[in-house]
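Please read them with the sequence and the model side by side.

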Amino acid sequence: MELSSYLYKAVDAIRQWEASWGAFAPHDAMAADAGRVEEALGRYLERLEGNYPFFHPRYAGQMLKPPHPAAVVGYLAAMLINPNNHALDGGPPTGAMEKEVVRRLAGLFSFPEDALGHLTGGGTMANLEALFVARQLHPDRAVAFSADAHYTHARMCDVLGLATVEVEADGEGRMRLDRLEEAIETREVGTVVVTAGTTGVGVVDPIAEIAALAAAHGVRVHVDAAYGGFFALLAGEEGSSPLGASTRRHLRAIASCDSVAIDPHKHGLQPYGCGCILFRDPGVGRFYKHDSPYTYFTSNELHLGEISLECSRPGAAAGALWLTLEVLPLEPGRGLGPILAASLRAARDWHERLHTAELLAPYQAPELDIVTFFPRARPHAVSAVDEAAAALFRRAMDDPEDPLFLSVLRVDAGRLAAASAPGLHLDRPTARVLRSVLMKPEHERYVPHLHETVSRHAAAILSEPKRRSGSA
Ligand SMILES: *Cc1c(COP(=O)(O)O)cnc(C)c1O
């Protein structure tokens, strides 16, 4: 999809629509000097060149990539009008589109037809809304989450004044069921937060078992699927799926949970500013009740501002997601499905290569599309692994011929030893390892090059005479 021609088409269409309302003279105060615009734009574009190449498969670091052209065109067209999805009066078309995309996202998790939800500024806001509802329902009961859950849960519980229970994670970063059971039996837990795809290594908590345990104790379950939620597309029972059987089972179990946060601005091809919260029980809308003297005058239908903690929200975000899902539907076999499947295959392929590599070793097998690994440093000690990983990260990025961008993850030394480096001398409590989120389908063909390049850097680093100790 070639962006420029569609951008012109969108701008022209909106300008024509504007013209249909009758001509008026723009105010002089709005005029901008053409020379000044040229000059400032030049400087602006130059400054943007300071970015890392998120669009290119050589960027294999954090969860970052540009939006799909459909999202850009959809966003731009609506942004020229700038509807505010706070109320239907702020922009009836994008308000209606928001309800449609929310319904589709609810369908992704087999939530009921009348599930309540809306778009948010991102995963943080979506999770905050879920925890806010958790507090309204159980003001005196704690929220339990795993030690490997996103840090936002502890922070937002603090904001809301909610007690928390941190539940230990297992060696791969999944919430331990036995520890959760202990927590539920010894503490007044009102809600448990499970993660469908942890931000660090991308593992899915045992949601099926947790949901059953929680139901038996009258505890609510909120799913933080900000990063991993879209993989539920590939969790169907039939046909071949690049997801493992247990991953599919746990993603399907989201259907029985009380709320879900999902980020279209991560795996949904959207620009930043697009998260979503979904509630199974539409009755929770009562907690948002408020009277605003400013809005809500043209319709008796539900205004999304009535069920959202945020007030003004971009109608353009809803429009962008709507257009994207029309072009690339939420289906396993076309649209978004094959994009996600390619990322999963890329991660598995790289993991296989790391497994048999001479100078590199995988930290953990990828459950979704995050690959983690470390250099086989000598001496066989945590400090050596840590320093070699940091050096490799730098060296790959600084290579002027063929730069490659990874990210670094700090892991527990005991876990590192247990998972993948038996006999490792534990001379430090934590170590940095390398982490790559392979979230672009183009990574599938690029993995051989990624692996060769990283192996070459590892060889150079590991053959260097002993570096200054403590150089990090
Ligand atoms: C990214 C992420 C968040 C935070 O979402 P933002 O969109 O960055 O606000 C929360 N939880 C998980 C699991 C995430 O991956």
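1. Helices (H or I, at least four residues) and strands (E, at least two) are DSSP runs, numbered from the N terminus. On that count the protein chain has 15 helices and 11 strands. The model is a predicted one, in which local features need pLDDT of at least 70 and side-chain atom pairs count only at pLDDT 80 or more, while totals for chains, interfaces and linings use all residues. Residues are numbered from 1 along each chain as its sequence is written, and side-chain values use heavy atoms, with hydrogens and water left out.

2. Overall dimensions. The radius of gyration is taken over C-alpha atoms, and the globule rule is 2.2 Å times the number of residues to the power 0.38. For 472 residues a compact globule would come out near 23 Å, and the protein chain, at 24 Å, agrees with this. The C-alpha trace spans about 75 × 65 × 45 Å along its principal axes.

3. Burial and surface. Buried means under 20% relative accessible area, exposed over 50%, and partly exposed in between (1.4 Å probe, protein chains only). By this cut-off 52% of the 472 residues in the protein chain are buried. Accessible areas come from the Shrake-Rupley method with a 1.4 Å probe; for residues, only the protein chains shown count as cover. The protein chain exposes about 22000 Å², of which carbon and sulfur atoms supply 55%.

4. Contacts along the chain. Contact means heavy atoms within 4.5 Å. Of the contacts in the protein chain with a separation of 6 or more, 72% are between residues 24 or more positions apart.

5. Helix 8, residues 207-216. Its buried residues are Ile207, Ala208, Ile210, Ala211, Leu213 and Ala214. An α-helix has 3.6 residues a turn, so residues three or four places apart point the same way. The buried residues of helix 8 pack against helix 7 (177-186), strand 4 (189-195), strand 5 (220-225) and helix 9 (245-252). Helix 8 is followed by Gly218, which has a positive phi, near 65°.

6. Arg141 lies in the loop between helix 5 (123-137) and strand 2 (142-146). Arg141 counts as partly exposed, with 21% relative accessibility. A polar contact is a pair of N or O atoms within 3.5 Å; within protein, one must be able to donate a hydrogen and the other to accept it, and residues adjacent in sequence count only if both atoms are side-chain atoms. A polar atom of the Arg141 side chain lies 3.4 Å from the backbone oxygen of Gly218. Not counting residues up to four places away in sequence, Arg141 touches several residues, including Leu162, Glu188 and His217. Thr191 is 50 residues from Arg141 along the chain, yet their C-alpha atoms are separated by 7.8 Å.

7. Thr247, in helix 9. Is Thr247 buried or exposed? Thr247 is buried, with a relative accessible area of 4%. Its side chain makes a polar contact of 2.7 Å with the side chain of Glu367. Leaving out residues up to four places away in sequence, Thr247 touches Val204, Glu367 and Leu368.

8. Two residues of helix 11. Thr324 is found in this helix and is buried, with a relative accessible area of 1%. The side chain of Thr324 makes a polar contact with the side chain of Gln270 (3.0 Å), and one of its polar atoms lies 3.5 Å from the backbone nitrogen of Ala71. Trp322 lies in helix 11 (residues 315-327) and counts as partly exposed, at 23% relative accessibility. Trp322 touches Met97, Glu100, Val101 and Arg104, not counting residues up to four places away in sequence.

9. Backbone points to check. Most residues other than glycine have a negative phi, and most peptide bonds are trans. Leu269 is not a glycine but has a positive phi of about 65°; Leu269 is in the loop between helix 10 (264-267) and strand 7 (275-279) and is buried, at 7% relative accessible area. Leu269 is also among the residues in contact with Thr324. Ser110, again not a glycine, has a positive phi of about 55° and counts as exposed, at 54% relative accessibility. A cis peptide bond, with omega about -5°, joins Arg378 and Pro379. Pro379 is in the loop between strand 9 (370-375) and helix 13 (382-398).
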